[in-house]
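Me: Please work through the structure shown below with me, one question at a time.

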Amino acid sequence: AAVPAFAQAQTSIQLLGSVDVAVESLNKEASSSGKSDLQINDGIWGGSRVGIVGSEDLGNGLKAIFNLEYRARADTGRLANSTRFWQGQSWVGLDGGFGTIKLGRQAVALSYAIEAADLTGQSWYYSSDALAGYTSKRDNTISYVTPSLGGFKLYAGYGAGESEATNVAAGDVAKQGDYYSVAGVGDWGAFTFGVGYLSVDGGKINNVKRTNELGASIGTKIGPFGAGLAYAQNETKPVAGSSVKDKGYFGNLSYQVSDNGTAYLTYRREEFKRANNNKTSGVGLTYAHGLSKRTFVYGAVGIGKAEVPGQDNTKPRRIALGVRHFF
């Protein structure tokens, strides 16, 4: 009984999170039912979540740190992902003058490179989230981040695939899903940039030798104006045959209209060679207004286009009015 009390006395713990719900109008091409629909949905801005973060001072500039993030749907009260309780990040680590080491489910190094130019924080319609199909968070990861080196940081991570595949006729299940990722991110005054790489071992299963992902971004924030550009590429290298590449392009602008309000304009386009040369694109426009430092109201519009060879193009349209409270 004394052990938890001791830990609580020595560890600084914070409860953080947000509740985000909106009224969303979808046309028939955006609705899963195939008909226009008015819905109450979670996560139009960034979703509802609860995070538990903590640290303990170990002396000599060394700290123990941890993060657990639960994702929920405030519109239904259900888990945001039926298979994960800690859907966000769940890691423990050490932080000091040498940098930061973390172990557990966490963001991959590549994600920091792509997100460096996304002024929306990967929120609302047509953000840079999962651009070209890259996975921003992975399980079973150990990562290292250098201290700031004149505004530049180097990120590196390795993840164990720990595949649970069975009845595989050929290939190496033990290697399937193993990955490594590296990235560099610079933040100098009004400008940020990032470049990163991630490689996933396919284990030569289902004719997949390796998947390579890369990304780069650049952004700036000058006074009330902001702008950013990002590129991502996702390449599958087969055991036999030619490589196939998916590509993604992202751009965003922002303008701080007032002390409490900011407008965002986003554009996203992707070309999926692995999915029969399908192409998607879209434009998003959002205005977020702070009623306080923690409570915001927002309006967002997203208009997209999906191009499938041999079929008519579809044009999904979404409109949302929502409230998000941070705690």
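**Pocket, cavity and strands**

Me: Which residues lie nearest the centre of the largest pocket?
Reply: This is a predicted model, in which local features need pLDDT of at least 70, side-chain atom pairs count only at pLDDT 80 or more, and totals for chains, interfaces and linings use all residues. Residues are numbered from 1 along each chain as its sequence is written, and side-chain values use heavy atoms, with hydrogens and water left out. On a 1 Å grid over the protein atoms alone, a cavity is a set of points where a 1.4 Å probe fits but cannot get out, while a pocket is an open set with protein on both sides within 12 Å along at least five of seven lines; lining residues have an atom within 4 Å of a point. The largest pocket has 46 lining residues, and nearest its centre lie Gly46, Arg49, Arg71, Gln122 and Asp129.

Me: Which elements give two or more residues to the lining of the largest pocket?
Reply: Helices (H or I, at least four residues) and strands (E, at least two) are DSSP runs, numbered from the N terminus. The contributors are strand 2 (37-42), strand 3 (48-59), strand 4 (62-73), strand 7, helix 2, strand 8 and strand 18.

Me: How much space lies in the largest cavity?
Reply: One cavity of 30 Å³ or more is found in the whole structure. A volume is the space filled by probe spheres set on grid points, which are joined across faces, edges and corners. For the largest cavity this space is about 80 Å³.

Me: Which element supplies the largest share of the lining of the largest cavity?
Reply: Among the 15 residues of this lining, Ala107, Val108, Ala109, Ser143 and Ala156 lie nearest the centre. Strand 7 (99-107), helix 2 (109-115), strand 9 (152-159) and strand 10 (179-188) are among the elements with at least two residues there. The largest share, four residues, belongs to strand 8.

Me: Over how many bridges do strand 3 and strand 4 pair?
Reply: Two strands pair if DSSP finds at least two bridges between them. Strand 3 and strand 4 form a hairpin with two residues between them, and Asn60 in the turn has a positive phi of about 55°. Ile52 stands opposite Leu68 in strand 4. The two strands are antiparallel, and their bridges number eleven.

Me: Where does pLDDT stay under 50?
Reply: The predictor's confidence in each residue, from 0 to 100, is its pLDDT. The chain mean is 93, with 97% of residues at 70 or more. Where pLDDT is low, the predicted coordinates should not be read in detail. Values stay under 50 over residues 5-9.

Methods. Contact means heavy atoms within 4.5 Å.
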